[in-house]
Each structure stands twice: as structure tokens, then as C-alpha cells.
Amino acid sequence: MISVDRKRLADGREILYFDESPHSDRVAEDPRDLPHVAPASEMRKDPLTGDWVAFAAHRMNRTFMPPANENPLAPSTPGELPTEVPSPSYDVVVFENRFPSFAMNAEIEGPDELLDMVPRLPARARCEVLCFTSDPQASFKDLPVSRIRTVIDAWAHRTAELSELPGVKQVFPFENRGEEIGVTLQHPHGQIYSYPFYSPRLAAILHSSQAYDGDLFQAILDREVAADERIIARTAHFTAFVPAAAKWPLEAMVMPNAHAPNFAALNDDQRNDLANLLKQLYAAVDRFFDGVDKTPYIAGWTQAPVDHPEDVRMHLQLFSLMRSPNRMKFLAGSESSQAVWINDTTPERIAARFREVWNV
């Protein structure tokens, strides 16, 4: 059973330690001299698409690929520069992002509308960093199943609390891995964004779900299991499969077999089952391409809207922009401009490759 230890960083941001066992070396005070900042995060609604676009100019000078001795996500140790984590050890730690895209104290100056048709608002929500381990050389796939379970508990804890923030509509845990993806910190970590609106993906999913006569997610699972062409693995509580309309050269989805809107709704058996499945899945991702030890990927958890938990089943979308060993798929005109994807392979081939490397 994990315990949660809450502290504050020097600038007032919250930090939470998710402890698997007691840490007698816990440091309560952050020794750094950090100013309290009200980020100038704002959002504007595109009158053509109806999508909200966030602006966070203060992120322009955020930390970029620091040397090993300046890793801001490592534990703070004597004789080294203090980091974002004041304690010299931790299991899993979560803290508010120092350079957030969204912030509860965001303020903007100027009019609340442009051109009499573009609403302009402070981008008020919360962005957090979640470090999976204090080991800077590890990856998610290297974590023991017990640590993955702790991460799942942390996702559940943060989902529940962030969902209670005023104005928050969606909570999105995700991980980016690899310089090819644009990662600026190599330490194994993910992020949790809360949004004050629905992302375009969630809005589209919600629309499809509400328009479908029945449970759309159960219908997809039932048909995928019956077809058995794109199933990667199936456990008591979860199914991993390649979506029939997969957009990426490597793509996998993990979905609970019964409706669950978010991590907070999962019981102990489901969380244990998911931890074991994720251990296998992430290991298979790193075996997918011959000669590639660390496949660059994005792993994002779509959870139900805060105000419509019954209409969307949580699911993982894990994908890579790598199309063949060390060759990346670049999103050019069709994808970037019109969001019309052309995949360089087929979902059936992707699933076959996953099954081939699953138990190696």
C-alpha cells in the first residue's frame, strides 16, 4: 500500500511523493530561491474549427537537454545542484510543472475577445510532471511490475484530484520518449495535463459515443475479439489491440474489458492486471524494430470527460512516429495541414509484428 507525502517547493508549487516504503531521508524544505510566477498562459477559440488553442510564451526558455549533473528530475544529492525534487531519494514523485502550459493562477492582459469573434481567456488548469523512478537511465519498460502499479496509483490519485479543480473538463496522463519525439529531458518521466476544455480527440470520441446506439467501446472490443486479426493480448480485465483504423506505423490500444471512465475507477484487481500487461507491452515496443533498443513513442491515456464519465471508456493510445528502423514518419501536407492520415503499413501487419515479439 503506497502512502502520499505532500510538500511545497520554494515557489509554492506542490510536490507529492508516492512512497512504496518509508524514506527516512525525506527533505521537507526546498532550499532554492525561486520567484513566485503567474504564467501568462492564455487560450483562444479558433472561429473556423471551434478548437481552443493554448499559448504559453513563458515556455520558450524552459530547460532543454541539460547535462547529466544538471538533471532537474533527479533527486537532490549533497554537492550537486539542487533539483526539482529536494529529497535524495524517491519512488514515484509528482510536482507542478515549473513551465506549465496551463496554470490555475494564469493571468492575461488585454481584451477578452479579438476581432469580435475570437474568445480569449486565461488558460486555467494544472500541468504536472510524474517521475517514474529516480534512476535516470531507466525506461518505463524497465520498471518492475510493482513500480508500474505505483505509477497507476499515482495516475488515479492525480486524476481524482485534478478532476475536482474548478473549470477542468479533462485529465490527460501521457509520456513522450525519445529525442525524435522532441523530448527535452531524458530522465524517465511522464506528464499529466488537465484541460479547461475537451481536446479535439476527446470531443470527437464523445460525439461518436453519444451518437452510437449502445456501448460503442464494447462493440469495438467484441468485434475485435471475434475477428482476432489485430488482438495483441487479452487478460481478465484488459485487451491490447491495434485499432482497425490505426494511423501510425506502430500503434497499440489498451482498453478495459468493462466500462471504466478513468484510473480512479479501477479496482485493485484491475490495477494489478494492467500493471502486468503494460510491462509486457512496453517491452514489446522496444523489440518491434530490429536494431532499435529504444523505440521513440508517445503514450497517451484518453479518459472520460469529467462531466460525462458514462460516455467514454478510458484507453491507452501508444504509438511511434518510427516507420522502419531509425526512419521516422514525418507529418507533411496531408497529415499536418488536413489531418488526413496515410499509414505506411497496415494494422494487421502491426498486430502480427507485436505478436511475434510479445514473448521473446
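Strand β3, residues 42-45, and strand β7, residues 118-122, pair in the antiparallel sense over 3 bridges. Please bear in mind throughout that this is a predicted model. Within that pairing, Arg 44 has Arg 120 in β7 as its bridge partner. In general, the strands of a sheet pair through backbone hydrogen bonds, in either a parallel or an antiparallel sense.

The two strands belong to an open sheet of 4 strands, which run in the order β4-β3-β7-β6 with antiparallel pairing. At the edges stand β4 (52-55) and β6 (113-114). Each of these has a single partner strand, so one side of each is left without a neighbour in the sheet.

Which residues have the most contacts inside the largest nonpolar core? They are Phe 140, Trp 155, Leu 278, Leu 281 and Phe 354, in a core of 68 residues. The largest share of this core, 8 residues, is supplied by helix α4. Because domain 1 (3-198) and domain 2 (201-357) both give residues to this core, it lies between them.

Leu 278 illustrates the packing. Leaving aside neighbours within four places in sequence, Leu 278 is in contact with Phe 140, Ile 148, Ile 152, Trp 155, Trp 301 and Leu 316.

Asn 262 is placed in the loop between β13 (250-256) and α4 (268-285). Is Asn 262 buried or exposed? Its relative accessibility is 16%, and since the cut-off for buried is under 20%, Asn 262 counts as buried.

Finally, I come to Glu 356, which is found in helix α6, residues 347-357. With a relative accessible area of 55%, Glu 356 is exposed, because the cut-off for that class is over 50%. How far apart are the C-alpha atoms of Glu 356 and Lys 45? They are separated by 45 Å, and the two residues are 311 residues apart along the chain.

Thank you for your attention.

Notes: Residues numbered from 1 in each chain as written. Predicted model: local features only at pLDDT ≥ 70, side-chain atom pairs only at ≥ 80, totals over all residues. Heavy atoms only, no water. Buried < 20%, exposed > 50% of the residue type's maximum accessible area, 1.4 Å probe, protein only. Core = buried A, V, L, I, M, F, W, Y, C linked by side-chain atoms within 4.5 Å. Domains from an automatic or database assignment. Contact = heavy atoms within 4.5 Å. Pairing = 2+ DSSP bridges.
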